[in-house]
Amino acid sequence: EQFNKIQDNLNKTVKQQLDDKKLLQDNIRQLTKQRDDILIKFDELRKEYNNLKDNIVPNMNQEMILSQVKTGELKVLCNKLDDGHKNAQIKIEELYQKNQE
């Protein structure tokens, strides 16, 4: 009978160890899947970052520079129009003065 008790205890211990092992293996599988999901997401984010760094930002900088150049050109044109308008106004006033005399 003593032998049977020892054998039962050993069987229980082995069963508990097997259950623990199975639980650990399940946890390892779950953690491995989480790690793989994180690595996939990280890779996607890295690709997105590289695209932004290599393509989007340089294009936006180029567009901003072109916009600044165009704005400068428009300012020059506006100044020329203002000068032309002032000169025309002066000539009109001169002509009006001559006609008044």
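Visitor: How many salt bridges does the structure hold, and what makes a contact a salt bridge?
Guide: The structure, a predicted model, holds 8 salt bridges. The term asks for a side-chain nitrogen of Lys or Arg within 4 Å of a carboxyl oxygen of Asp or Glu. Residues are numbered from 1 along each chain as its sequence is written. Local features need pLDDT of at least 70, side-chain atom pairs count only at pLDDT 80 or more, totals for chains, interfaces and linings use all residues, and side-chain values use heavy atoms, without hydrogens and water.

Visitor: Why is the contact of Lys 15 with Asp 19 called a salt bridge?
Guide: Their closest N and O atoms are 3.1 Å apart, and the limit is 4 Å, so the pair qualifies. Lys 15 and Asp 19 are 4 residues apart in helix 1, separated by about one helical turn.

Visitor: Why is Asp 43 called partly exposed?
Guide: Buried means under 20% relative accessible area and exposed over 50%, with partly exposed in between (1.4 Å probe, protein chains only). Asp 43 has 26%, so it falls in between. Its salt-bridge partner is Arg 46, at 2.6 Å from N to O; at 40% relative accessibility, Arg 46 is also partly exposed.

Visitor: What share of the 101 residues is buried?
Guide: Buried residues make up 0% of the protein chain.

Terms used: Helix = DSSP H or I, 4+ residues; strand = E, 2+ residues; numbered from the N terminus.
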